Amino acid sequence: MSLEEFKNRNTGQQSYKMLDIKHTPQSGIGKFGQVVERTVKGELFVGLWVTLREMGNALFKDNMHTIKYPLEKLPISPRYRAIHDMLRLLESGHYRCIGCGLCEKICISDCIKMDTKYDENQRKEVTEYTINFGRCIFCGYCAEVCPELAIVHGGRYETASEQRASFSLFEDMLTPIDALKQQKEYDGFGAVSPNADDTIKQTPLAY
Amino acid sequence: MSNEITIKIDGVEYKTQEGEYILNAARANNIFVPAICYLTRCSPTLACRICLVEADGKRVYACNAKAKDGMEVTTSTEEILEERRAIMEVYDVNHPLQCGVCDQSGECELQNYTLELAVDSQSYMIPDTKRESVDWSSILHYDAGLCIVCERCVTVCKDMMGDAAIKTGPRGGEKLGKELKDSMPKDAYAMWNKLQKSVIIPSNGTAETNCSDCGECIAVCPVGALVSRDFVYTTNAWDLKRIPATCAHCSSGCQIYYETKPASIEDNTEKIFRVTNEWNYVSLCGAGRFGYDFENRVNGKDEIAFNNAVDALTKADTIRFNSLISNEEALMLQTLKEKYGKKLVNSDAYAFQKFLKYYGKPSGHLLYGSDFKEIMTTDFVISVGASLRNDNPNARYAFNNIQKMNKGAGLYFHPIADSLIADMGKNVVSFTHKVGLEEAALYLILDLFADKEKLEESTKSYLDSFHFTETITIKEKVMETVTETVVDEATGESKEVSKKVPKMVEKEVEVERNSLVTLLGGNDKFAETFEKMMKKKESFSLIVGEDLYYHPKAENLAHLVALIEKSCNMKVAMIPPKTNSLGVALLCELDEKVEGYTVGYNENGDFRLSALGDGDLDMPAMNQQEGTLTNMHKRVTPTNAALEYEGYELNDLMNALECGELLTIDWTPRLASKRGFQALAFDDLPNGYTNEGQENRGYLLKNLGRRSGKNEPKPFSEKFVIEGEIAYRCNPQRQFNDFSDKAHQIFETFSLSASTAKAKALGEKVEVDFGKSTLLFDVVADERMEGDIVSIPDFKSANDIYTLFGSDRYKTVTIRKV
Amino acid sequence: MEATVLPEVTSLGVIIKGIIILAIISAVAGFGTYIERKILAFMQRRLGPMHVGPFGLLQIAADGIKLFTQEDIIPQNANKFIFQIAPAITAATAFIALAAVPVFPDFTIPEFIPLLGGTFVPSIAADINVGILFVLGMMAAGLYGPLLAGMAQANKWGIIGSARTAIQFLSYEVVTGLSILAPIMLVGSLSLVDFNEYQAGGFTSWLIWQQPVAFVLFLIAGFAETNRTPFDLLEHEAEVVSGYATEYSGMRWGMFFIGEYANMITVAILASVMFLGGYNDLGFIAGWFIIIGKIAFFFFLMLWVRASWPHIRPDQLMWLCWKVLMPLAMVNILITAIVVMI
């Protein structure tokens with residue numbers, strides 16, 4: 001395999017239209033000829049026509065591209081990585097986080113911190129959890145590494161606030177208990193793949 | 001005793017010692033053989049069976065098979081790998097998959113070996129048994145659900161600690177199907193069969209362990225089943241920063257790691273979360289492992305207090321301190337003595353220093369000739385004058401390890417009988433002698449072990465004077481031949497048949513006896529017992545304890561010890577009373593009495609420098625400063641600052657007095673000005689172990705020789721025997737000093753301990769009259785103690801127990817019930 | 001062609017006309033910014049200013065308030081006096097040029113208005129017979145504004161901006177002058193009123209039909225003179241930050257802006273009057289309406305071009321001027337002269 005082939009990264013279906021660009025004329029006459037040619041061909045008027053047509057489309061055919069942002073919002077991808085959400089278990093309503101600390105460890109900007117303790121039910125309990133959003137770069141590693149799909153990225157991208165701490169506590173990120181029904185599963189990195197059942201090996205549990 | 005042999009492992013030749021286990025030989029040569037249940041310094045458990053190797057074509061367990069010259073070992077074959085994989089699969093059966101919350105957090109050997117052996121599917125199954133997690137004591141937390149019953153904890157507790165506080169118990173699991181026996185690999189089946197039947201339980205039949213709470217079981221646990229109660233679910237191991245250090249509590253000076261991390265989200269200051277050790281090579285005690293949070297938190301430098309301290313030091317006649325200081329600090333104090341003529345008073349090191357001096361003259365050494373590592377390799381150990389259980393954990397571990405690992409024997413001379421020591425092995429004989437008879441004990445040892453040729457005539461005849469012969473009547477079984485006439489019924493013939501019949505015969509025998517044995521409270525049959533004990537014994541050792549330093553006849557005792565070392569081919573090691581007593585004894589010229597204006601460093605005084613946070617000027621505690629400690633293994637070991645300290649150090653005071661250095665550790669090479677120390681910079685001192693288990697920490701003190709004098713110890717006298725109500729200055733097991741007391745996981749209180757019977761007689765609270773003053777104590781019953789002597793702790797320097805006891809360790813007191 | 005008898009032009013009328021020009025052109029310049037933003041936005045399928053007032057109409061007011069209240073910063077090392085008067089030069093020359101241009105048809109203030117009643121307000125403030133020359137001269141003098149501003153502000157971008165000002169304005173002055181020389185020869189007058197009269201004959205009498213080349217040249221040169229895309233090299237953000245206006249802020253910067261828009265209107269008026277039949281009625285459509293339409297068209301054209309075309313390099317600009325436009329203008333004059341002679 002030649003290197004050329006190896007470097008060809010155009011893997012998709014290509015439908016490029018090649019422009020017929022001539023070489024810039026070097027002689028004075030040639031340049032003059034080019035000016036005359038372009039003048040006669042009216043290339044400039046094509047440009048004018050395009051902009052005028054677009055204006056017409058925008059004004060009269062409702063082809064305006066502006067989103068009046070605070071009033072209208074674009075739908076965002078489920079894989080969008082905005083302020084984190086802490087999800088709850090749908091059955092019990094208990095938060096999913098088990099306090100394993102993997103997000104804390106993987107965080108490349110070192111902005112996640114958690115405190116845990118041994119609780120009275122002999123479980124690991126998260127007593128405090130914060131994300132320093134001054135440092136977070138929304139890389140999504142925490143959501144990817146989370147074994148419980150407890151920490152995920154939500155859609156709250158409007159993150160201007162009076163206080164830096166506004167979004168950063170566990171309670172702020174946790175799905176409100178009364179909004180449990182509206183809780184959406186996360187499809188981004190780290191989520192279970194649709195064919196997960198086919199790819200894992202089963203443990204025999206015949207009893 | 002050790003001969004070098006050559007074995008072949010996987011086709012490559014390696015040198016090792018004869019009698020070494022294959023596993024250890026491989027490990028020492030950096031060859032990986034998987035093993036879960038084996039512990040380096042303990043006996044093979046044979047629980048996991050994963051260390052299977054092929055030696056000379058036969059399948060053996062590497063942890064249990066000894067290397068022979070020319071042996072060819074293959075560490076892995078197709079068959080062995082299959083077996084190992086099956087074992088790991090079995091270990092993974094029903095093991096909880098909550099690795100996320102497990103405290104082992106990735107330091108898990110189960111995880112490692114599962115991955116190492118590429119277990120990616122499971123072929124076995126069995127219904128699970130509900131196993132509750134329980135607290136075994138105020139320290140230990142056991143999660144049976146996570147336990148893989150490798151029995152490392154059981155092994156280490158028995159073979160190393162000597163507590164034997166845990167054992168395997170019934171699990172109540174379902175029985176394995178018979179068809180499995182044929183279908184699965186043999187070793188895996190055997191391992192599973194055992195695993196399915198057992199969990200770990202306290203060995204005393206209750207729900208609580210009766211042990212010294214050393215936590216070594218936590219250290220050796222390969223999974224997260226054993227964790228300290230304080231540590232459970234508080235942090236992940238990977239978040240902790242490991243700081244290599246030396247434990248500051250007793251003179252063992254064990255290698256430890258302080259593991260720190262910011263305390264919480266709110267409090268960003270570093271906090272020690274736990275202490276870990278290189279458990280293959282060093283065993284910690286409870287104080288070392290759990291008594292770590294004794295740091296002295298200060299907010300910045302207190303200049304007024306500092307100036308007061310400088311004034312106080314200038315004014316001072318005496319500096320009173322204890323041995324909880326680094327070598328560097330000791331040298332600083334000595335510099336003060338040399339430059340400004342301050343008196344240095346240190347109650348614990350003073351007696352030890354004198355004893356070393358007495359010992360040095362006849363022995364020709366600056367220091368005792370051996371150390372505890374060497375003692376651990378001997379097979380006959382004697383302890384004199386040490387309350388082994390309390391004085392020094394490492395000495396106790398050595399005593400125990402000899403019994404368990406070397407098939408050894410031991411003699412334990414102490415006025416207080418200790419059931420723990422007696423239980424350490426079949427061949428342990430305890431002499432519970434009267435207080436003050438330590439000389440007699442040493443004479444007995446001399447008599448029993450000495451090469452008489454090496455002794456002076458006078459000593460020899462003195463020893464002979466204790467011998468006497470006694471005629472005793474013993475019953476002996478004699479085989480007698482009896483001839484009977486038997487009539488054969490069938491033929492009617494009579495026949496003479498001779499038959500041997502046992503018969504008890506009383507016989508008078510002359511036995512050589514030693515009156516010292518009787519004097520020391522020994523058994524009449526000691527001579528016979530001793531003969532049995534001596535069988536197959538090759539190397540001998542003597543542990544010398546603190547009682548001897550505080551004995552009124554310390555000089556004579558020291559001479560005797562020197563004589564024993566020389567004439568008995570015996571390895572001798574002494575237990576320094578406190579953390580750095582040896583260092584202080586070598587570095588400082590100590591004075592006996594406090595005089596005039598006194599500055600106390602962690603001790604009472606007119607002006608107190610204190611790392612406890614209660615003094616006039618704060619000092620850093622041992623986990624907040626760099627420096628070196630001299631431990632009882634005669635090793636100068638470095639320790640690092642685990643936590644930050646913002647206040648003044650002793651070196652700052654030295655600078656104010658115009659004899660300081662830039663940093664405290666700049667004093668480390670200056671130690672060389674004193675005998676035995678070397679001029680090595682602090683940063684060049686290593687702190688770790690090699691794969692072979694070689695200690696690579698700091699440097700060994702040079703045991704400088706000098707001309708030895710004639711050694712004719714004086715005869716012992718019973719003049720100093722004390723009787724009546726006796727108090728013994730001795731700390732509880734996990735308490736050594738103010739700092740261990742400050743730690744929140746050390747619960748032992750400052751109370752009087754007595755045997756169960758005595759405690760019952762004394763009631764809950766007593767007043768102890770020392771003559772000069774009285775003190776109030778709570779009474780705590782110590783199940784392991786026997787006899788009437790009570791022990792009084794000295795770990796609180798504020799109570800000044802040393803002054804109350806004076807130059808003795810045993811004191812007649814009056815105890816009144818309150 | 002019969003010249004209609006006009007009422008006498010009084011100085012009061014001229015002053016009123018001046019005030020009207022000043023007020024309306026300033027306002028239109030402001031409004032022009034709004035229009036520009038809107039048009040550009042639409043052509044890019046955006047909405048443009050939306051939030052101040054209905055359809056964002058009050059954006060001009062908001063901008064005005066902003067400009068007036070913005071801090072007036074004068075750089076430390078700047079030549080303060082020149083720095084301060086440079087914007088005034090731009091604005092002043094732009095408005096002075098408008099004095100000789102017929103802006104609206106003349107009218108008489110109705111009698112019922114007190115004080116001013118009956119005053120005749122002329123369509124042109126100063127109907128001098130060399131109107132075109134005056135306008136071109138004034139516009140050429142406008143070059144001093146950016147030139148001095150750029151040189152006075154002690155800023156490298158400013159210096160580059162003023163250098164470009166000098167070459168661009170001076171060069172295209174030539175093309176402007178030469179291009180309208182041919183129509184002048186035809187009309188035989190330098191007065192814009194005469195130009196208007198010349199084309200009174202309806203659609204077919206527009207000069208554009210006789211002089212298409214002159215019209216195109218004038219338009220191109222007009223773009224260059226008014227510093228519009230594709231010839232906006234003086235303050236092109238991508239190259240020289242803001243050129244001569246780099247250090248300006250507040251109302252001083254606003255004066256440059258007003259000057260630029262006034263110039264745009266001037267050029268639009270000139271082109272309408274000289275080539276597209278001026279303010280003559282066209283059929284049933286009133287002259288005043290049609291001139292506004294024409295001016296609006298040229299204004300729109302400038303914005304349209306800005307939205308459509310890329311700007312060119314300085315060397316291309318010079319090349320275009322001296323090697324293409326000027327020779328063309330010369331040839332055009334030659335041919336026109338021959339035709340006139342014949």
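In this model, 22 residues of chain A are in contact with 16 residues of chain B. Contact means that the C-beta atoms of two residues, placed from the backbone, lie within 7 Å. The model is predicted: local features need pLDDT of at least 70, side-chain atom pairs count only at pLDDT 80 or more, and totals for chains, interfaces and linings use all residues. Residues are numbered from 1 along each chain as its sequence is written, while chains are lettered from A and ligands numbered from 1 in the order in which they are written.

**The A–B interface**

On chain A, three elements each supply at least two residues of the side that touches chain B: helix H4 (102-106), strand E2 (112-118) and strand E3 (124-131). E2(A) gives the largest share, five residues. Helices (H or I, at least four residues) and strands (E, at least two) are DSSP runs, numbered from the N terminus. By class, this side of chain A holds nine nonpolar, six polar and seven charged residues. Here Ala, Val, Leu, Ile, Met, Phe, Trp, Tyr, Cys and Pro count as nonpolar; Asp, Glu, Lys and Arg count as charged; the others, Gly among them, count as polar.

Two pairs of chains touch, and the pair A and B has the most contacts. Chains B and C share no contact; their closest C-alpha atoms lie 45 Å apart.

**The sheet of chain B**

Chain B carries an open sheet of five strands with mixed pairing, in the order E2-E1-E5-E3-E4. Its edge strands are E2 (12-17) and E4 (58-61) of chain B, each pairing on one side only. Neighbouring strands of the sheet are turned by 40 degrees against each other on average, direction ignored. Axes for such angles are lines fitted to C-alpha atoms, for helices over the stretch in contact; angles run from 0 to 180 degrees between N-to-C directions.

Two strands pair if DSSP finds at least two bridges between them. Strands E3 (residues 52-55) and E5 (residues 72-74) of chain B run antiparallel and are joined by two bridges. Glu54(B) has Thr74(B) in E5(B) as its bridge partner.

**Chains A and C**

Chain A has seven helices and four strands. Along the sequence they follow the pattern α-α-α-β-α-β-β-α-β-α-α. The radius of gyration of chain A is 28 Å, well over the 17 Å that the globule rule gives for 207 residues, so chain A is more spread out than a compact globule. The radius is taken over C-alpha atoms, and the rule is 2.2 Å times the number of residues to the power 0.38.

Chain A is divided into domain 1 (22-65) and domain 2 (84-191). The bounds come from an automatic or database domain assignment. Taken over C-alpha atoms, the centres of these two domains of chain A are separated by 54 Å.

Chain C has 13 helices and two strands. Its radius of gyration is 21 Å, close to the 20 Å from the globule rule for 342 residues, so chain C is as compact as a globular protein of that length.

A residue is buried if 20 or more other C-beta atoms lie within 10 Å of its own, exposed if 12 or fewer, and partly exposed in between, with C-beta atoms placed from the backbone.

| Chain | C-alpha extent | Buried residues |
|---|---|---|
| Chain A | about 90 × 55 × 35 Å | 20% of 207 residues |
| Chain C | roughly 60 × 55 × 45 Å | 44% of 342 residues |

In chain A, 71% of contacts between residues at least 6 apart in sequence join residues at least 24 apart. In chain C, residues 24 or more positions apart account for 79% of the contacts with a separation of 6 or more.
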